[in-house]
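Hello,

Here is the structure I promised to pass on. Please open it alongside this message, and then read on for my notes.

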Amino acid sequence: MKQSILYVLVLCFASVFAQDTDKAKLKAIKEANALVYEANTLANNDEFVSAEMEYRKALSEQPELVAGAYNLGHAYFKEGNFEEALYRHQQAIKNATSKAEKHKAFHNIGNILMKNEKCREAVEAYKNALRNDPTDDESRYNLALAQDCAKNEQPPEEEDDKDDNDKDKKEDENKDENKDEGENKESDDNSGDQDKKVGENENEEDGKSNDDQEDEGDQGDDKKEQQKPQQQPGQMSPQQIKNLLEAMNNQEQKVQEKMNAEKAKGVKVQTDKDW
């Protein structure tokens, strides 16, 4: 009996809690819708900053509110902020529960991608829009435009291959340049070694030449000494002969001077004898 009463009380509390939760959720949705309505009014009056603020408030109250994300994305698109516009429309698709909501979001995503010149991605977006609403002639017309644009667009795979080829080509060129620099450097090193060897050989030759000159000088001195006349035993040297001649000349000069002096005094005249 007591267990039955306890079970009934738990059910009552759960029901009351669920009702309160639903009321809070409904209240949040109501407030969020009111904020979106106010934001739409501001956006129509070209008051983007105020409208953006109200849209953000609405999404903070109810993050899964499709109208808030969609309308904020549309406002970003009108301002030319395609990146934020794309993000908000993707958010709307994620939380969308009806095909009509998905159709509108995919259609606007196609328009954003066309503005960014991403034609191939825009084609897929318009196709998804038509899958959710095949009767929309505007989506079909935009799809045809996107397909024509995609024909002139280079496939992503080819772009990747081209980038890879350019990268490989650039790497090969860098390798060749590094190889040439290495060979030039090695050649310069070898030239330096050769110049060094030549210099060493020249120094050796110069050293050898100097040594030879010194030896020749020594040999020249030896030759001069050998060419000098050697004084033989018992013979007078040239210097001794020179000195002797000078002494003899001096002695002869003295004798001559003496004779001249006597002549100057006069000579006794010898007279004739008387007869």
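Predicted model: local features only at pLDDT ≥ 70, side-chain atom pairs only at ≥ 80, totals over all residues.

**Helix 7**

Helix 7 covers residues 137–151, which makes 15 residues. From its first C-alpha to its last it reaches 22 Å, close to the 21 Å expected at 1.5 Å a residue. At its start, a side-chain oxygen of Asp136 comes to within 3.2 Å of the backbone nitrogen of Glu138.

Which residues of helix 7 are buried? They are Ser139, Asn142, Leu143, Ala146 and Ala150. If you look down the axis of helix 7, these buried residues fall within an arc of 110°, so they line one face of the helix. On the other side, Asp137, Tyr141 and Lys151 are exposed.

What covers the buried residues of helix 7? The cover includes helix 5 (99–115) and helix 6 (119–132).

Val123 has a relative accessible area of 8%; the cut-off for buried is under 20%, so Val123 counts as buried. Leaving aside residues up to four places away in sequence, Val123 touches Leu143, Ala146, Gln147 and Ala150. Among these, Leu143, Ala146 and Ala150 are also on the list of buried residues of helix 7.

**The aromatic rings**

How many aromatic pairs does the structure hold? There are two. One of them is formed by Phe48 and Tyr76, and it is edge-to-face, with 5.7 Å centre to centre and 65° between the planes. This pair links distant parts of the chain: Phe48 is in helix 2 (residues 48–61) and Tyr76 is in helix 3 (residues 66–79), 28 residues apart. Tyr76 counts as buried, at 3% relative accessibility.

Phe77 and Phe82 also form a pair. Their ring centres are 5.6 Å apart and their planes are at 55°, so this pair is tilted. Phe77 is partly exposed, with a relative accessible area of 24%.

Do write back with any questions once you have had a look.

Best wishes

Definitions and conventions
Residues numbered from 1 in each chain as written. Heavy atoms only, no water. Helix = DSSP H or I, 4+ residues; strand = E, 2+ residues; numbered from the N terminus. Expected span 1.5 Å × (residues − 1). Buried < 20%, exposed > 50% of the residue type's maximum accessible area, 1.4 Å probe, protein only. Arc of directions from axis to C-beta. Contact = heavy atoms within 4.5 Å. Polar contact = N/O pair within 3.5 Å; in protein donor to acceptor, adjacent residues only side chain to side chain. Phe/Tyr/Trp six-rings, centres within 6.5 Å; stacked < 30°, edge-to-face > 60°.
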